[in-house]
Amino acid sequence: MYPRAFAYHRAKSYPEAISLLSELGEDAKFLAGGQSLIPLMKLRLSAPRHLVDLNFIPETSYVRSNGAARFGAMTRHADIAASAEAARIPILRDCAAGIADPQVRHMGTIGGSIAEADPTGDWAPVLLALSATVKTLGLAGERSLDIAEFILDAYTTALQPAELVTEIAIPLPAERSGGAYIALKRCAPVYASASVAVQLTLHDNHTCQDARVYLGVLGLTATRVTAAEELLRVTPITADSMEKVREAVMDMAEPTSDMRGSAEYKRHAAGALAKLAVETAVKRARGEHVEVTHLYA
Amino acid sequence: MLDDIPRVRVSVRVNGKQYTRDVEPRMLLVQFLREELSLTGTHIGCDTSYCGACTVLLNGRSVKSCTVFAFQADGGEVLTVEGLAKDGQLHPVQQAFSDCHGFQCGYCTPGFLMSTVQLLEECPHPTEWDIRKGIAGNTCRCTGYQNIFKAIHAAAAAGGGADRGH
């Protein structure tokens with residue numbers, strides 16, 4: 001399958017890319033890793049007349065740690081998965097190492113993924129749970145946006161025309177923090193049926209001082225489950241409270257039935273994933289090394 | 001309209017040999033390999049980034065060449081299934097797939113070979129789970145995967161990760 005014919009523009013810097021896109025107008029798009037855009041173009045769901053290629057701009061793929069974990073927008077998922085930052089903040093590794101399959105992780109970028117704002121994308125719930133900041137550059141200069149202000153709706157971000165993402169910064173979690181991200185998928189290359197991101201900080205071994213719980217995939221954007229967060233903050237961590245977290249997530253989830261499963265199936269899946277993610281996050285916050293991966297069923 | 005669009009120059013080293021072609025911007029890497037270079041060992045299966053039949057290594061990393069534009073490989077290095085055998089000798093991964101009958105119709109096999117080469121490069125002694133993760137982006141509709149697993153274990157035992165041929 002061929003996409004519709006388009007003209008190619010290779011940018012050598014972000015400012016050049018921005019001015020190119022702004023000159024070319026609405027029929028132009030930025031190309032990052034292309035793992036969403038190229039399939040959309042091949043299906044002719046997207047048919048830009050110009051592509052401005054960001055892949056040959058130097059210094060756009062990096063992992064840094066100065067006050068925060070910083071990922072260049074063009075950093076490939078596989079490089080994030082293998083980074084020391086992902087080892088230090090395990091929810092990042094759960095996400096980066098679980099996206100699609102090795103081939104897609106070698107090309108797909110974190111910046112491209114969040115700029116796409118696909119409701120079934122993996123990064124949004126994770127970056128929301130971590131209170132990440134998105135740095136952007138556009139005609140009006142640099143901006144720094146909270147991820148919650150950045151993702152507005154399905155496939156809709158706060159990016160202005162010709163503005164692009166340059167960096168994602170994640171504040172370093174406090175001591176005794178842990179998180180987990182788990183998705184339920186039918187198989188690796190397809191979109192998840194449900195996913196849950198949890199990031200929490202323990203007060204002592206049995207109580208949380210802070211917790212973030214987000215559901216992915218099930219709505220137009222990731223959904224925050226404040227009832228579950230509140231439960232984690234006010235009740236000691238016991239089997240009973242875990243059960244209540246599961247129920248709170250099931251109450252909050254509003255899935256729709258589709259080829260990935262019935263609404264009821266997804267609601268149960270979200271509850272079970274949340275319980276598993278909280279249990280994993282607590283263990284990690286206590287200093288245990290726990291590996292989790294996406295579940296395939 | 002097509003005549004108005006300038007072609008894009010793609011210079012790429014494929015299986016150790018340098019090629020330069022001026023192509024339509026919309027040409028995908030898999031089409032570049034098959035149609036411009038006549039390297040038809042890389043197959044198009046689903047054409048939607050699902051099945052992995054088109055897997056090649058781009059700059060040492062596996063990619064689905066149906067979901068990469070040819071220009072994204074410009075200045076880079078590609079290894080396809082044609083580049084695995086050396087001096088008439090099958091690559092250890094190819095030999096293991098042959099010995100274990102890790103295929104039936106063979107259509108998906110070039111992609112599985114390339115994903116296996118990549119897996120063993122990163123993880124020379126994979127566990128069952130490592131193999132599952134490593135070939136998660138490749139689909140086989142014939143074998144039920146059992147013989148593919150046997151082949152990957154055999155390739156690892158034969159040191160398939162030690163020599164990628166480059």
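Close-up 1. Look for A:Ala117 in the loop between α7 (110–116) and α8 (123–129) of chain A. Helices (H or I, at least four residues) and strands (E, at least two) are DSSP runs, numbered from the N terminus. The phi of A:Ala117 is near 50°, a positive value in a residue other than glycine.

**Close-up 2. B:Asn59, in a loop between two strands of chain B.** Here the loop joins β3 (55–58) and β4 (61–64). B:Asn59 is not a glycine, yet its phi is positive, at about 50°. With 13 other C-beta atoms within 10 Å, B:Asn59 is partly exposed.

**Close-up 3. The side of chain A that touches chain B.** Across this interface, 24 residues of chain A are in contact with 28 residues of chain B, contact being C-beta atoms, placed from the backbone, within 7 Å. On the chain A side, β1 (7–10), α2 (37–42), β3 (50–53) and α6 (102–107) each supply at least two residues. The most come from α6(A), with five residues.

**Notes to all views.** Residues are numbered from 1 along each chain as its sequence is written, and chains are lettered from A in the order in which they are written. Because the model is predicted, local features need pLDDT of at least 70 and side-chain atom pairs count only at pLDDT 80 or more, whereas totals for chains, interfaces and linings use all residues.

Methods: A residue is buried if 20 or more other C-beta atoms lie within 10 Å of its own, exposed if 12 or fewer, and partly exposed in between; C-beta atoms are placed from the backbone. Two residues are in contact if their C-beta atoms, placed from the backbone, lie within 7 Å.
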